[in-house]
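My notes follow as numbered points, to be read beside the coordinates.

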Amino acid sequence: MNTTIDTYLTNEIGPLPFCPGCGHDQLLKALDKALVKLQLDPAKTVIVTDIGCIGLSDQYFITHGFHGLHGRSITYACGMKLARPELTVIVLMGDGGCGIGGSHLLNVARRNIDITLLVANNFNYGMTGGQHSVSTPLSGITPTTPMGNLESAMDLCKTAIAAGAGWVYRGTTFDKDLPDRIAKAITQPGFSMIDIWEMCTAYYMLSNKLKKKDLIDIMGRNNFKYGLVANNPRPEYGAQYRTTYVDTATPERKPRTIKTKLGNNIKRQTGIVIAGSAGQKVRSAAGLLAQSSMCAGLRVTQKVDYPNTVMTGHSVSEIIVSPERINYTAIDTADYFILVSEDGLKNTKSRIEKLPSTCTLYVEKSLDLPHTEAKIIRLPLMATAKKINRLSICFVAIAALVKDSGIISLDAFTEAITAFQKPAAAEISLRALEASSALIQAGQEVDSKNL
Amino acid sequence: MGLEFIEGNEAISRGALKANCNFFAGYPISPSSSIAYHMLNKLPRVGGVAIMGEDEIASIGMCIGAAMTGAKALTATSGPGMSLYSENIGLAVGGEIPLVIINAQRQGPAIGSSTKGAEGDILFTRWCTSGGQPMIILSPATVTEAYELTYRAFNLAEKYRTPVFLLTNKEICLTRESVDLEQVKLPRLVNRTRTTIDDSCFSNRLKALHEVPKFADIGGDQITRFTTSSHDEAGYFTSNPEVIQKMIDHYAAKIESAEEDITLVKQDIEAGAEILMISYGITSRSVTVAVKKMREQGYKVSSLTLQSLYPVPRTALSKALAGIKRIVVPEMNMGQYIQEVQRLIPKGVEVVGVNKMDTTLLSPDEIIERGVLS
């Protein structure tokens, strides 16, 4: 910029709108002096205001301005700073905002995002009638504490410091050096905060006969530090994000696609249900079956069901394979059903009871099945899996299904294993496939014994 | 080109990236969480920013802040998170802030069944904030459509300067399908029209009520000051009733006058049909099967699938009504969008809802039995 800016305040919509003697007036003038001192480019500066009388402030500055919801000004400011790091972002929030938006105060301090928070702290909700806030001193009289405030005032500085804030200052609007402190807060890298104590001449000052010197007394009585409370700079979040995540990011690999059509015996839409326990890799194994079917030239959907607990309870995947587009993704009448655990049985018992004779049910041989019309193939899935890998039971089961049913070519199955699984997982799947021939034979023996 | 096997949530994130989304903030919630994982993983690779907020309010707040500086922002949640978004959605409507919001529906009310599908948030999403201004809401039926409609949602958000919702469902978000996203024909990418240094901020807003104002980035050369309070065309606070009414009319006019531009429907009209199925989302796939079955049995039946739910595609709906005596509206809720249909139909046309909210999909047979045979 070539010309010096004498003031960042503008009269465009009139003079400042505050009550006579209101601390906000002095706070904004101190902010103006700080901006004049720093000569920031107005087009690269934004003042974000919270709700309350202080929320009227942003439109009186020649910088960008944004006035949002109660308690949320910090969140908008963080979004702006993260998206556009070159901006100087200043938040004006009252003590009310520190209450309703307390979590955002903690989290901006914790993350250390480079915004400057100026709290216009006048111990009450000045705009809505002077109700008590998180910063109202003990025994303070307000419309909501008519017999005196019983709640301890929150030390905003200590709170911010506990959450990790690097630069924290407490002052009053009567301080001569407030503009310099604000300028320091703005230039300080990382999150900085000034808790600025001031007078609400409409409410709190009147109902509590508060005088200028009382501010310092209240601080002393409550062990609230006056002046610089913390100066412990640490790395700023946005800068770290850019160096750690963005600068070192590798371009994403192109997604692996399937072009092969390695053969299948599917003439119509076919439904395969796999029921087991959460943590048994039901979804992964079903996914492999799906990818194998795609390698075989089929369309596939995989609908999943599991409880909100992750490693316990059931996990059921419904795989539909079809030569054509698949619409309805649930399976009302399964063609194949794999059951590997008690959890799976518990969840699908009523479905198993209704399976038609056209369905083949591959089941871990130790499970007690309800009556069903389905063709049952009992397999020592658990015992086989134990020999391969603790978590391989579902892979053993789908290998047995592929081998026994012939719905897709073995080439398609091995193609999917090598193309989509990580080497260690692929080895397990290949061993499962290897074991499946013996398994099917064993299954037939179990069946004939049952007969 | 070839087939991929991906879930709806990945398709949504891919659609967002295809639309040049460069900011994401979200809070984990089933079944939307993996959208966040994809964005957190992918955005830094293209120079964007993705962050997990401390809660839903912070997440949408950060998106709004980023969008005001010019970013294309995305957030994703489910019903409980929508409740927390509510106030900020109103801010985004009033501030005419482009933003895409994914509502991955799950069974409610409240916590409900966190890993089960539902379509219970249709009217909630439509009326999710105070004031009652029009919304743009799209609803995909497949993983491929989740990709396409997310991309389109960004275009609409930019074009109309408004939050746009993608109303999806666990049954699309977490269902994997074989898809070929490269085959999807996408419209040209739209970016918001920006002010030039000669324009005063929001200068075009009130030339015509339906006109979409130009956008001035916070941090751009054109100084922009915007207040969430009732404001005039310059973004300044106002208490003038005339100006306030004008702005309210403007929010409505810009969306409602664009009904036909926003409308996305798929028609399967059979000549002479007296039955019309109206459906959206995952349930429309059951309808496709039901319609095929019914035609095989000799019924004449038409089907209208809505990909855009709001603004209500009145023109397309009215057109599909010709000769229809019975309308069937199957929904995974207790009857929500059917109310929009009932508003439009002439006397003498029967409207039947097929409703279920037990977390399972409506099957084609249920739709035929309860919608047509009963």
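Does B:Cys128 count as buried or exposed? B:Cys128 counts as buried, because it has 22 C-beta neighbours inside 10 Å. Here a residue is buried if 20 or more other C-beta atoms lie within 10 Å of its own, exposed if 12 or fewer, and partly exposed in between, with C-beta atoms placed from the backbone.

1. A word on conventions. This is a predicted model, in which local features need pLDDT of at least 70 and side-chain atom pairs count only at pLDDT 80 or more, while totals for chains, interfaces and linings use all residues. Residues are numbered from 1 along each chain as its sequence is written, and chains are lettered from A and ligands numbered from 1 in the order in which they are written.

2. Surroundings of B:Cys128. This residue sits in the loop between α5 and β6 of chain B; helices (H or I, at least four residues) and strands (E, at least two) are DSSP runs, numbered from the N terminus. Leaving aside neighbours within four places in sequence, B:Cys128 is in contact with B:Met82, B:Ser86 and B:Ile89, contact being C-beta atoms, placed from the backbone, within 7 Å. B:Leu84 is 44 residues away along the chain, and its C-alpha atom is separated from that of B:Cys128 by 10.0 Å.

3. Overall form of chain A. Chain A has 15 helices and 15 strands. The domain assignment gives domain 1 (23-245) and domain 2 (270-450), with bounds from an automatic or database assignment. The C-alpha centres of these two domains of chain A lie 60 Å apart. The radius of gyration of chain A is 34 Å, whereas a compact globule of 451 residues would be near 22 Å; the radius is taken over C-alpha atoms, and the globule rule is 2.2 Å times the number of residues to the power 0.38. Along the principal axes, the C-alpha atoms of chain A fill a box of roughly 95 × 60 × 40 Å. Buried residues make up 54% of chain A.

4. An enclosed strand. Strand β8 (residues 192-197) of chain A has six of its six residues buried, so it is largely enclosed by the rest of the structure. In a regular strand the side chains alternate between the two faces of the sheet. On one side of β8(A) are A:Ser192, A:Ile194 and A:Ile196, and on the other A:Met193, A:Asp195 and A:Trp197. β8(A) pairs in the parallel sense with β4 (residues 116-121) of chain A over six bridges, and likewise with β7 (residues 167-172) of chain A over six bridges; pairing requires that DSSP finds at least two bridges. A:Thr116 has A:Ser192 as its bridge partner, and A:Val168 has A:Met193.

5. Which chain B element gives the most to the side that touches chain A? It is α3(B), with nine residues. In total, 59 residues of chain B are in contact with 57 residues of chain A. The chain B side divides into 26 nonpolar, 21 polar and 12 charged residues, where Ala, Val, Leu, Ile, Met, Phe, Trp, Tyr, Cys and Pro count as nonpolar, Asp, Glu, Lys and Arg as charged, and the others, Gly among them, as polar. Strand β11 (residues 299-305) of chain A is joined to β8(B) by two bridges, in the antiparallel sense, and A:Gln302 has B:Arg176 as its bridge partner.

6. Domains of chain B. Chain B is divided into domain 1 (4-183) and domain 2 (263-373), whose C-alpha centres lie 26 Å apart. Their contact takes 24 residues from domain 1 of chain B and 22 from domain 2 of chain B.

7. Backbone details to check. Most residues other than glycine have a negative phi, and most peptide bonds are trans. A:Phe123 has a positive phi near 70°, and A:Lys281 one near 65°. A:Phe123 is buried, with 29 other C-beta atoms within 10 Å, and A:Lys281 is buried with 21. In chain B, a cis peptide bond joins B:Gly108 and B:Pro109, with omega about 0°; another joins B:Tyr310 and B:Pro311, with omega about -5°.

Conventions
Two residues are in contact if their C-beta atoms, placed from the backbone, lie within 7 Å.
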